[in-house]
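Here are my notes on the model, point by point. Please read them with the coordinates open.

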Amino acid sequence: MNSDKQGRAMCACGGSSGAAPGAEPAAAVPQCRCRTAPRAPSPAQNITAAIAAADLTGTGFLRLRSFAASNAQPVPDVIVTISQRSGTGIPDKNVTTGPEALSDDVAIACPPRSYSLDENNRTVLPYAVVDVTAEHEGYDPVHVAGVQVFDGEVSLLELLMIPVEEDETAAYTVRSLPEDFDIPTHKLFEGGESSGPTPLSACRPRILDQPIIPEKITVHLGRPSANVQNVTVSFRDYIKNVASSEVYPTWVGYTKPTKTNVSNSDYNIYR
């Protein structure tokens, strides 16, 4: 905090904290607003309050599938810890992805389905929020925060396991920090515009004679300038993942999928 010519402490907001001791009265200066104006709660505080407001009487399911990020080959027997967000008092769950690299469905306590069907709900988070940590020898640990699980729905979390880098000239393995992924609050609950960019107004439309739907798509795991990996995934998976970020899975009625059906058409997918 700086001072003006009369020795009054000046805040960055342009207000004064009062006259300096022994100073003559001078022209009025707006009082500092930082100490008097209530501060708006941070997004993290809002989400914590929204989680605490839920009664968690519903049940959703989390399914985990693990595969190598480099070649999409299954990585079996990954050890996974599932932690429900603070304030719920629910203990951690420990599971593995088993020999097929696909876990059994893990039951997660979550808010009733009715909250996600109320389009005006901005108070009670309509889904459970869990954090997932995955570990396997020979791979970097993976941490995914903010996985969303809805009442009566199955969320499929696909774990991209990145092999540990081995230094052939040294007698040790270079182990990096955990790969961290943070899923933001759902746009429908947060409010505002869609997560997509504003369409260009001066672009030239191009109409194809027939629609072309690719089988695979290469995705850059970060911002365009970030030095991160490119992974090739199913285009169908990619579209499903994007849709999971824009609408609630409870808005579409379907039968709960079985574990043998891994077509990804019936899941709320997170990758």
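1. Start with helix α3, residues 187-190. K187 and E190 both sit in this helix, three residues apart, which is about one turn of the helix. The two form a salt bridge, with the closest N and O atoms 3.6 Å apart. Keep in mind that this is a predicted model. K187 is partly exposed, at 29% relative accessibility. E190 is also classed as partly exposed, at 48%.

2. The structure holds five salt bridges in total. Among them is the contact between the side chains of R65 and E158, at 2.2 Å from N to O. R65 belongs to strand β3 (residues 58-68) and E158 to strand β9, so this pair ties together parts that are 93 residues apart in sequence. Buried or exposed? Both fall under the 20% cut-off for buried: R65 has a relative accessible area of 19%, and E158 has 3%. R65 is therefore buried at a value of 19%, against a limit of 20%.

3. R113 and E153 supply another salt bridge, with their side chains meeting at 2.8 Å, N to O. This pair links distant parts of the chain, 40 residues apart. R113 is in the loop between β6 (106-110) and α2, while E153 is in the loop between β8 and β9. R113 counts as partly exposed at 28%, whereas E153 counts as buried at 2%.

4. Now the aromatic residues. The structure holds three aromatic pairs. In one of them, the ring centres of Y127 and F150 are 5.2 Å apart and the planes meet at 45°, so the pair is tilted. Y127 lies in the loop between α2 (114-117) and β7 (128-135). F150 lies in the loop between β8 (142-149) and β9 (154-161). The pair therefore ties together parts that are 23 residues apart in sequence.

5. F150 has a further partner. With Y248 it forms an aromatic pair that is tilted, at 5.3 Å centre to centre and 50° between the planes. Y248 sits in the loop between α4 (235-244) and β15 (268-270), and F150 in the loop between β8 and β9, so this contact ties together parts that are 98 residues apart in sequence.

6. How accessible are these rings' residues? Y127 is buried, with a relative accessible area of 4%. F150 is buried at 1%. Y248 is buried too, at 4%. Y127, F150, Y248 and W251 form one aromatic cluster.

7. Next, strand β4, residues 79-84. Which residues lie on its covered face? They are V80, I82 and Q84. The uncovered face carries I79, T81 and S83.

8. Strand β4 has two pairings to check. With β5 (residues 93-96), the pairing is antiparallel over four bridges. With β7, β4 pairs in the antiparallel sense over six bridges. Here Q84 has V130 of β7 as its bridge partner. Q84 belongs to the covered face of β4, and T81 to the uncovered one.

Note on methods:
Residues are numbered from 1 along each chain as its sequence is written. This is a predicted model: local features need pLDDT of at least 70, side-chain atom pairs count only at pLDDT 80 or more; totals for chains, interfaces and linings use all residues. Side-chain values use heavy atoms; hydrogens and water are left out. Rings of Phe, Tyr and Trp (its six-membered ring) pair if their centres lie within 6.5 Å; planes under 30 degrees apart count as stacked, over 60 as edge-to-face and the rest as tilted. Buried means under 20% relative accessible area, exposed over 50%, partly exposed in between (1.4 Å probe, protein chains only). Two strands pair if DSSP finds at least two bridges between them. A salt bridge is a side-chain nitrogen of Lys or Arg within 4 Å of a carboxyl oxygen of Asp or Glu.
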